[in-house]
Structure formats: C-alpha cells, structure tokens
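Subject: Structure handover

Hello,

Here is the structure for you to look through. Please open it first, then read my notes below.

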Amino acid sequence: MDMSGEERIAAPRDAVWAALNDPEILKACIPGCQSLTMKSPTELEATVKIKIGPVSATFSGEVTLSNLNPPMGYTISGEGKGGIAGFAKGGADVRLTEDGDGTILSYDVKAQIGGKLAQLGSRLIDSTSKKLATQFFADLVEKLNGGAA
C-alpha cells in the first residue's frame, strides 16, 4: 500500500516539529494508540488497537526515526505484530515546509500487511488508512491549537 498527501497546519514549523517528536502528543493523536514509549531519541515502542472491516487487532511494535533533519523532516519506519490478524510494516518520509505563518506537512507512506488483514482487500485497507490519517491530522491540529478545534 502506498499513500501520500499533505496537510497545511496553522502553526510554525518548529511547533509542528516539536509535536511530531513528543510521545504524549503522538499518543493522543494516533487513532487507537494505547501506549507509546520513547526508548531513545530515535526509537519508540507502541501498542495500537485498530479495527479494519471485520478484523479488530492490537498491534505491538517498534518505530525508528532516521534521516533526521530538524525541523525539516525525517523518515519513520516500523513493524507491528497483531497476532492472528497479521502484521504491518512500513515507513513514511515526512517533510515540513514553512508556508507563511503555517506549515505544510507532506508525507509519503509505503506499507505492507500480511495475515488476515491482507485478505480484506486493498479498497478497504486504503480507505481505512486514509480515514486514520485524516483523524491523526485533525487531532494534531487540535493539540497544536491548544485543544480548541
């Protein structure tokens, strides 16, 4: 699965960068995130519960940040295991560009899934992924705006 997009966030680039590197903000913004722990400045451990069509699973995995270029972007990669539901692994290149008093966040995601999830069909996976991305950015914008939607 490949997905790309961009979001304009009405906040300075430094503030968006800080939010994308704050485990508490990320935990609050990632749909279904039950725990997110910083193991080092570039390694995180996460537990996320999601439902895609008829399959509900809790994924445990590790995330690594690389190609760090503060505050312009990084590459995020990881792998999660969801028991009999399957696995998900992949990565995303995230870029932050100043845009007046705001920031353009661009992303390119490449992911692979296996197990029961892979049997659901690409349309369902793609639409759920887009919905989760939309929810993440809505929550991130809310956090950056001090909790006011």
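How far is the sulfur of cysteine 29 from the closest cysteine sulfur? The gap is 9.8 Å, to cysteine 33, and that is too far for a bond. A disulfide is a covalent bond between the sulfur atoms of two cysteines. Here the term is used for a pair of cysteine sulfur atoms within 2.5 Å. A search of the whole structure finds zero disulfides. Cysteine 29 is buried, at 0% relative accessibility. Cysteine 33 is buried too, at 14%. (Buried means under 20% relative accessible area, exposed over 50%, partly exposed in between, with a 1.4 Å probe and protein chains only.)

Some ground rules. This is a predicted model: local features need pLDDT of at least 70, side-chain atom pairs count only at pLDDT 80 or more, and totals for chains, interfaces and linings use all residues. Residues are numbered from 1 along each chain as its sequence is written, and side-chain values use heavy atoms, with hydrogens and water left out.

The sheet

Strands of a sheet pair through backbone hydrogen bonds, either parallel or antiparallel.

- Helices (H or I, at least four residues) and strands (E, at least two) are DSSP runs, numbered from the N terminus.
- Two strands pair if DSSP finds at least two bridges between them.

Look at β5 (residues 73-81) and β6 (residues 87-99). They pair in the antiparallel sense over nine bridges. Tyrosine 74 stands opposite valine 94 in β6.

The helices

Arginine 13 is in helix α1. What is its relative accessible area? The value is 17%, so arginine 13 counts as buried. Leaving out residues up to four places away in sequence, arginine 13 touches Pro71, Met72, Leu96, Thr97, Glu98 and Thr103. (Contact means heavy atoms within 4.5 Å.)

Aromatic pairs

There are three aromatic pairs. (Rings of Phe, Tyr and Trp, its six-membered ring, pair if their centres lie within 6.5 Å; planes under 30 degrees apart count as stacked, over 60 as edge-to-face and the rest as tilted.) One is tryptophan 17 with tyrosine 74: tilted, 5.3 Å centre to centre, 55° between the planes. It links helix α1 to strand β5, 57 residues apart. Another is tyrosine 107 with phenylalanine 137: stacked, 5.3 Å centre to centre, 25° between the planes. Tyr107, Phe136 and Phe137 form one aromatic cluster.

The core

The largest nonpolar core has 35 residues. (Such a core is a set of buried Ala, Val, Leu, Ile, Met, Phe, Trp, Tyr and Cys residues joined through side-chain atoms within 4.5 Å.) Among those touching the most other members are Val16, Leu20, Tyr107 and Phe137.

Best wishes
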